[in-house]
Amino acid sequence: MAIAPQTPAQLVKVRGGGIGPGLPGALGAALARPDRKVVGIASDGAAMYSVTALWTAAHHKIPVTYVMLSNRAYRILKLNMIDYLGPAAADGRDFVGMDLVEPELRFDRLAEAMGVPARRVETPDELAPALREAICHRDGPFLLDVVLESPVPGH
């Protein structure tokens, strides 16, 4: 596990069954624990199901830090399709409607349009300083739009 919590209730996560709980879930955690800094990690595809949570965070000045993993795809759905069909049947198969391109999806701009300060991270060197900036931000929410590659085996 990349994040290994040391104390109870330090890590809240959802596993399977739905897409999109990351943004509103982080708001709930921040409201439940105003004494703690909450960092919500979500992927861009899943966040499209609950993007209005950004406006809620800004409107109520909820001090949550979002780290948006922007791979510009519904990658989990692609991986599930490979799993369901089997690697041989999925090899070379098109993933219709599973890429978030044309137009480019920019969560930094979406966040700013909803009143959430944001910063885009395009290289690994930018991540540490941007994360420090985001975590130190105290006057309401902040979002980091972290650009990632999105490889899928066999494609």
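Buried means under 20% relative accessible area, exposed means over 50%, and partly exposed lies in between (1.4 Å probe, protein chains only). By that rule arginine 120 is buried, at 15% relative accessibility. The model is predicted: local features need pLDDT of at least 70, side-chain atom pairs count only at pLDDT 80 or more, and totals for chains, interfaces and linings use all residues. Residues are numbered from 1 along each chain as its sequence is written, and side-chain values use heavy atoms, with hydrogens and water left out.

**Salt bridges**

- The structure holds 8 salt bridges. Each is a side-chain nitrogen of Lys or Arg within 4 Å of a carboxyl oxygen of Asp or Glu.
- Arginine 120 pairs with glutamate 104 in a salt bridge, with the closest N and O atoms 3.1 Å apart. Arginine 120 sits in strand β3 (residues 118-121) and glutamate 104 in the loop between α5 (87-90) and α6 (107-113), so the pair ties together parts that are 16 residues apart in sequence.
- Helices (H or I, at least four residues) and strands (E, at least two) are DSSP runs, numbered from the N terminus.
- Arginine 120 also meets aspartate 108 in a salt bridge, at 4.0 Å from N to O. This pair links distant parts of the chain, with arginine 120 in strand β3 and aspartate 108 in helix α6, 12 residues apart.
- Aspartate 108 is buried, with a relative accessible area of 7%.
- Salt bridges with shared partners join Glu104, Arg106, Asp108, Arg120, Glu122 and Asp145 into one network.
- Aspartate 35 and arginine 33 form a salt bridge through their side chains, at 2.9 Å from N to O. Aspartate 35 is exposed, at 56% relative accessible area. Arginine 33 is partly exposed, at 33%.

**Aspartate 44**

- Aspartate 44 lies in helix α2 (residues 44-47).
- Aspartate 44 is buried but has no salt bridge. The nearest side chain of opposite charge is arginine 72, 5.7 Å away. For charge, Lys and Arg count as positive and Asp and Glu as negative; His and the chain ends are not counted.
- A polar atom of the aspartate 44 side chain lies 3.3 Å from the backbone nitrogen of asparagine 71.
- Aspartate 44 touches Met68, Leu69, Ser70, Asn71, Arg72, Ala73, Leu100, Leu105 and Phe107, not counting residues up to four places away in sequence. Contact means heavy atoms within 4.5 Å.

**Nonpolar surface patch**

- Val39, Ile41, Leu127, Leu131 and Ile135 form a nonpolar patch on the surface, with about 340 Å² of accessible area together.
- The elements giving two or more residues to the nonpolar patch are β1 (38-43) and α7 (124-136). Helix α7 gives the most, with 3 residues.
- Patches are made of residues with over 30% relative accessible area and no salt bridge; like charges are joined within 9 Å, and nonpolar side chains (Val, Leu, Ile, Met, Phe, Trp, Tyr) within 5 Å. Accessible areas come from the Shrake-Rupley method with a 1.4 Å probe; for residues, only the protein chains shown count as cover.
- Leucine 131 is in helix α7. Leucine 131 is partly exposed, with a relative accessible area of 30%.

**Threonine 7**

- Threonine 7 is found in the segment before α1 (22-32). Threonine 7 is partly exposed, at 42% relative accessibility.
- Threonine 7 and glycine 25 are 18 residues apart in sequence and 19 Å apart in space, C-alpha to C-alpha.

Conventions:
A polar contact is a pair of N or O atoms within 3.5 Å; within protein, one must be able to donate a hydrogen and the other to accept it, and residues adjacent in sequence count only if both atoms are side-chain atoms.
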